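Biologist: I would like to learn how to read a protein model, one feature at a time. Could you walk me through this one?

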There are 2 protein chains.
Amino acid sequence: MEKKRILVVGLGLIGGSLAMALQGFEDYEVVGAVRSQSTWDKAAAMHAADRLTFDPAAELPGADVVVLCQDPAGIIDFLRDNRDKFKPGALVWDVCGVKTSIMAAAECLPDGVDFIGCHPMAGKEVSGIDNAEGTLFRNTHFIVTPGPKATAEHLALLHRMAEHCRFGDVIETTPERHDEMIAYTSQLMHVIAVSVCDNDELFSCMGFEGGSFRDCTRVAALDAAMWTQLFTLNAPALVKMVADLEGRIHQYRVAIENNDREGLNAMLSHASARKKQINLERARGDDVHPGF
Amino acid sequence: MEKKRILVVGLGLIGGSLAMALQGFEDYEVVGAVRSQSTWDKAAAMHAADRLTFDPAAELPGADVVVLCQDPAGIIDFLRDNRDKFKPGALVWDVCGVKTSIMAAAECLPDGVDFIGCHPMAGKEVSGIDNAEGTLFRNTHFIVTPGPKATAEHLALLHRMAEHCRFGDVIETTPERHDEMIAYTSQLMHVIAVSVCDNDELFSCMGFEGGSFRDCTRVAALDAAMWTQLFTLNAPALVKMVADLEGRIHQYRVAIENNDREGLNAMLSHASARKKQINLERARGDDVHPGF
């Protein structure tokens, strides 16, 4: 009996790591689709997949599972350009950091091809297959936004794949809720990091940085083209979060400027108590420590 | 011959850790001054100092080195209340996160008592002697702001103590420059962390946090009373930094809101290139990794 087949399209940091992590999953062969000879060579040397191809479209009719790991525009284009080539009954999922616009793009797929939006909450501040590793997803969140047509069978299959990759948990939500939450927990952190790094003092502050500076700015070394896509695809939710932060930061500035120690102490006590509370809730929780 | 004496006033996280780290330094005895019986008991059990006292003022005439580890107001009060009790020729240093106002307060000391402002760039998101450890300062920055009257002998002594505590390096600067830099690299990070934690979504976002959220908000669990002092004592420099950040964050919001992909991409490329550059400079540097 021929093996079933998982096609991973795009072997960058996430796609390469997923192709590695998915190897050995049940009776599936993992095929990795690359665009450049240099990625092919590296992927082959790392044995990033069971087999490599330059032509993902040609593999689609035989792929039982397709994992789209391109950048957001790449995923949207691929769905549109190849909508008729997917195998009937296939499960298609993606790894994009925004979900509403990806789910909308996936509506072009014919009935019988099941698209489930996914977002593995893992990453590094470096990209590319050179930095891929099969252990990247261990103990991180795997967020899933199934469409109304998602089958129970495919959801169960996705859960088994998540378990094989050693994700810490699988969180099911709607695309809209995902995008609101991600605007807050991830995109806003990137806006902050780049804004801090824009400051003129960045290059003169060496010797004065503590852990907080290093931690806060870590993600500023981002892929500008990809984050431009992620930010603009999630503009409504992100704009709301950034405006909210502007307002809160401004309140602190006013209190400091006015030497309003009582007000400042009250604001700091409130925020600090919230943070201590969430730390406690996390400690009581399922102990998932999202990847760095 | 009687041993020389280092008096550490205040055995919290930093003072307790310093008292531990300084033990065994040359021919000095380390005396730790505490205020509560509970800190005394813990300090005794941890052997945080060679000897403990409830009465730091009584120790001052015999102390060759005095290390002030109270909160900022506590340091300022202590200097004012005990200015005539310090041993002539003593070296006095502190650990406060702002330096201009501490240096100004130290001007009340008589000639012959040498005050050198210090800031060990180490910490934890928890406080108190329970969390103190002698290894806290390993490979972190030790910032020193000597006054005009600081003697070469005392500076050399301070360098030897820093080495004994295994600091990564000693950075010498002016109080004003320290306060500008620290407003950027530390205080602003705390303003950001509490502002993010003020958001209504804090308690609903569990399952959606990645490493960037955890890292950025880590320091929000702060000591509100102490940070109120630190912020207001450094108001001019901090207000400038917060206003600068507000402006930069606002520019990102405008670009996202206007779907200005070209502008956004240019801004993100610029910031990301700066961050990558500073990472390179750090990697080429002295390899000091500030403590978490």
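**Salt bridges and a shared surface**

Modeller: Gladly! Over all chains, the structure holds 42 salt bridges. Please keep in mind that this is a predicted model.

Biologist: What is the idea behind such a pair?

Modeller: Side chains of opposite charge can pair when their charged atoms come close. Here is a case: A:Glu29 forms a salt bridge with A:Arg51, and their closest N and O atoms are 3.1 Å apart. A:Glu29 belongs to strand S2 (residues 28-33) of chain A and A:Arg51 to strand S3 (residues 51-53) of chain A, so the pair ties together parts that are 22 residues apart in sequence.

Biologist: Is A:Glu29 buried or exposed? And how accessible is A:Arg51?

Modeller: A:Glu29 is buried, because its relative accessible area is 17% and the cut-off for buried is under 20%. A:Arg51 has a relative accessible area of 28%, so this residue is partly exposed.

Biologist: Which residues are linked with A:Glu29 and A:Arg51 in a network of salt bridges?

Modeller: A:Arg5 and A:Glu59 join A:Glu29 and A:Arg51 in that network.

Biologist: Can you show me another pair in chain A?

Modeller: Look at A:Asp94 and A:Lys99, whose side chains meet in a salt bridge at 2.9 Å, N to O. A:Asp94 is buried, with a relative accessible area of 0%. A:Lys99 also counts as buried, at 0% relative accessibility.

Biologist: Now for the place where the chains touch. How is the size of an interface given?

Modeller: It is often given as the accessible area lost when the parts come together. Between chain A and chain B, about 8800 Å² is buried, and carbon and sulfur atoms give 66% of this area. A:Tyr184, A:Phe208 and A:Arg274 supply 9% of the area that chain A buries against chain B, more than any other three residues.

Biologist: How many residues of each chain are in contact?

Modeller: There are 90 residues of chain A in contact with 90 residues of chain B.

Biologist: How many salt bridges are there between chain A and chain B?

Modeller: The count is eight. In one of these pairs, the side chains of A:Asp215 and B:Arg218 meet at 3.0 Å, N to O. The interface of chain A and chain B also has 35 residue pairs in polar contact. Several elements of chain A each supply at least two residues of the side that touches chain B, among them strand S7 (141-146), helix H7 (175-197) and helix H11 (261-284). The residues on that side of chain A divide into 44 nonpolar, 26 polar and 20 charged.

Biologist: Last one: how are two copies of a chain related?

Modeller: By a rotation about an axis and a shift along it. The same surface serves both copies, as 100% of the contact residues of chain A recur in chain B.

Technical notes
Residues numbered from 1 in each chain as written. Chains lettered and ligands numbered in written order. Predicted model: local features only at pLDDT ≥ 70, side-chain atom pairs only at ≥ 80, totals over all residues. Heavy atoms only, no water. Contact = heavy atoms within 4.5 Å. Buried area = accessible area lost by both parts, 1.4 Å probe. Salt bridge = Lys/Arg side-chain N within 4 Å of Asp/Glu carboxyl O. Polar contact = N/O pair within 3.5 Å; in protein donor to acceptor, adjacent residues only side chain to side chain. Helix = DSSP H or I, 4+ residues; strand = E, 2+ residues; numbered from the N terminus. Nonpolar A, V, L, I, M, F, W, Y, C, P; charged D, E, K, R; others polar. Buried < 20%, exposed > 50% of the residue type's maximum accessible area, 1.4 Å probe, protein only.
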